[in-house]
Each structure stands twice: as C-alpha cells, then as structure tokens.
Amino acid sequence: MTQPFQRVLLVSKYHDPSVLPGLRQLRDFLLARDMPTFLESQSAADIGDSLGLPLLSFAEADAGSDLVIALGGDGTLLGTARQTAQSGIPILGINQGRLGFLADLSIHQISEALPPILEGHYQQDLRSILHAELWRSEERVHTGLAVNEVFIHKGGGESMIELQVQMDGRFVYTQRADGLIIATPTGSTAYAMSAGGPILTPTLAALLLVLICPHTLTARPLAVADSVEIVARLTASRQSAALSLDSHCSVPLEIGDEIVIRRASCAARFIHPEEENFFQILRGKLHWADSPGTD
C-alpha cells in the first residue's frame with residue numbers, strides 16, 4: 001500500500017461539453033468523501049462551467065493537488081501527461097471516449113474502483129516521454145514533448161518524402177516513405193501498431209522506428225535503446241511535409257530540416273488499479289491473441 005491521496009484535480013476532454021455529466025458525477029462522489037477537489041482552469045473555460053469547484057491551472061497543480069483524474073479519451077490522457085510531466089503528478093484516466101486504451105476505468109466504475117485508489121491501494125508506473133526539436137538552418141524553430149510518438153509525414157498528395165536517419169551520430173538509413181514514426185513503449189499500441197510495429201511492454205527502455213509505406217521490400221520496424229539520440233533529416237519532398245507530436249500539433253517542414261529526438265528527462269506517472277494487468281488490457285481492448293472461434 002502506498003500513501004493515500006489528499007487532493008484531486010479534475011481534467012476534462014477539451015472542447016467537449018458532453019463530459020459535463022461525468023464531471024458532475026466525479027465531483028459529487030469526491031465531495032461526498034470530503035476530498036478537496038479542484039477543476040483545471042482550461043477545462044472549466046472549455047466546458048463553460050466551473051461546477052462550483054475552485055480552479056487550478058496545470059502550472060499551479062504541483063502545489064495544489066496530488067492526483068489528477070483525467071476524464072475523456074486517450075487524447076485527453078496524453079495531453080494531461082504532457083502538461084504534468086515536469087511536476088510528476090500522478091494521473092488516473094477515466095474513459096469517456098471511444099477505445100480508451102490508456103484509461104483504466106469507465107465512469108460507471110468509479111463508486112467501486114475509485115475508493116481503494118484514493119486510499120492508497122494502487123500501482124503506478126513511469127512512462128518515458130520523447131523530447132523533439134526542429135532545427136532549420138542552425139535555428140531551433142520548434143520544440144515539444146510526445147508521450148506516444150513523434151511523427152514525420154508527408155502532407156496531401158501522392159508523393160513520398162525522403163528521410164535520412166542517424167542515431168548517436170551514426171548513419172542508419174535513407175528511406176523514401178509516407179512517413180516515419182518514432183514511438184515510446186506507450187505509443188507502441190497506438191499508430192505504430194497500426195503501421196505494423198511490435199507491441200512493447202510499457203516500462204521497457206526502448207524506442208521504435210516504424211516507417212509508413214516504405215518504398216522497399218526490406219524495410220522493417222526497428223527497436224533501439226531509449227538512451228540514443230535520433231536525428232531525422234528531410235532530404236527530399238515534392239509536396240508539403242510536417243512534424244506531429246502525439247497528433248496534437250502539425251508543424252510544416254522544409255527540405256533540409258532536422259528533427260532531433262531523445263528521451264526527455266521527465267516522465268509521465270500513471271496510476272492503475274491494483275489488479276490491472278497489461279496483457280489483460282491488450283486482450284480486452286485490442287482483442288490481442290484471441291483464439292479462433294469454434295463452430
């Protein structure tokens with residue numbers, strides 16, 4: 001058993017008022033337990049309602065709360081993880097989206113599953129985060145964090161882009177493809193998996209490089225130690241190209257741009273019910289390793 005939580009910060013799916021009933025249910029549940037509860041400032045602005053709760057920004061949260069409960073889908077949980085990575089506040093995800101692979105609970109489970117967690121009966125893990133920098137003519141023009149993946153990809157149109165990749169200063173390959181995913185173990189069950197990459201257990205100290213539709217029969221996903229520095233240079237493109245971090249931003253790229261990717265010094269801290277099992281989640285939500293049906 002770890003320490004019980006003393007304060008809670010609620011975060012909701014941005015720009016989606018449909019989360020209001022779930023937020024009210026969470027608020028009422030927590031206040032009935034005399035748990036000091038806050039609502040994240042931007043969430044309140046997006047839904048147009050403070051729920052009668054004191055507001056707290058992410059910048060203030062390290063001093064004012066010791067558990068963040070994120071209500072929404074995986075995108076909400078990823079955004080919350082990026083915002084809280086520096087402070088190290090633990091995050092519990094409650095799914096009110098579609099798949100909700102990263103969120104452990106549904107809103108219908110809170111009365112049964114949430115009390116043990118608040119009392120200190122939970123497990124936690126630290127998830128590695130990627131730090132990406134975009135360099136253009138020796139000038140850094142963009143920087144950001146990614147919990148799932150850094151994605152370098154073509155824009156609209158049919159033509160591929162060409163990327164030259166180095167690792168710790170050593171040439172790896174030059175490939176023509178629709179894009180390149182550099183994913184964390186957390187991101188291995190997201191876009192990288194859809195593109196044919198392997199599944200990594202969450203705490204594995206590794207990164208994945210997965211090409212999207214490469215123009216060669218020999219290209220395969222590559223797993224490497226997460227201590228390396230990866231540099232991907234855009235060497236050719238007949239159309240627009242862009243850099244995306246967890247699909248939450250899209251930065252236009254130019255020929256010669258270099259993207260430097262390394263493991264960030266901070267990490268995302270996720271809270272789970274004590275009985276959670278990663279392989280059970282894979283089977284239940286992604287239907288991994290299902291046996292063929294019987295007649």
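Is Glu149 buried or exposed in this predicted model? At 4% relative accessibility, Glu149 is buried (under 20% relative accessible area with a 1.4 Å probe and protein chains only; exposed is over 50%). Residues are numbered from 1 along each chain, and local features need pLDDT of at least 70, whereas side-chain atom pairs count only at pLDDT 80 or more. Side-chain values use heavy atoms, with hydrogens and water left out.

View 1. Strands are DSSP runs of E with at least two residues, numbered from the N terminus. Leaving aside neighbours within four places in sequence, Glu149 is in contact (heavy atoms within 4.5 Å) with residues including Ile181, Ile182, Tyr191 and Asp246.

**View 2. Asn148 in the loop between β8 (139–146) and β9 (149–154).** Asn148 is buried as well, with a relative accessible area of 8%, and the residues that Asn148 touches, not counting those up to four places away in sequence, include Leu78, Thr184, Gly187 and Asp246.

**View 3. The open sheet of six strands that contains β9.** The strand order is β14-β13-β12-β9-β16-β17, with antiparallel pairing (two strands pair if DSSP finds at least two bridges between them). The edge strands, each pairing on one side only, are β14 (222–225) and β17 (250–253). Between β9 and β12 (residues 179–183) the antiparallel pairing runs over five bridges, and Ile152 stands opposite Leu180 in β12.

Terms used:
Helices (H or I, at least four residues) and strands (E, at least two) are DSSP runs, numbered from the N terminus.
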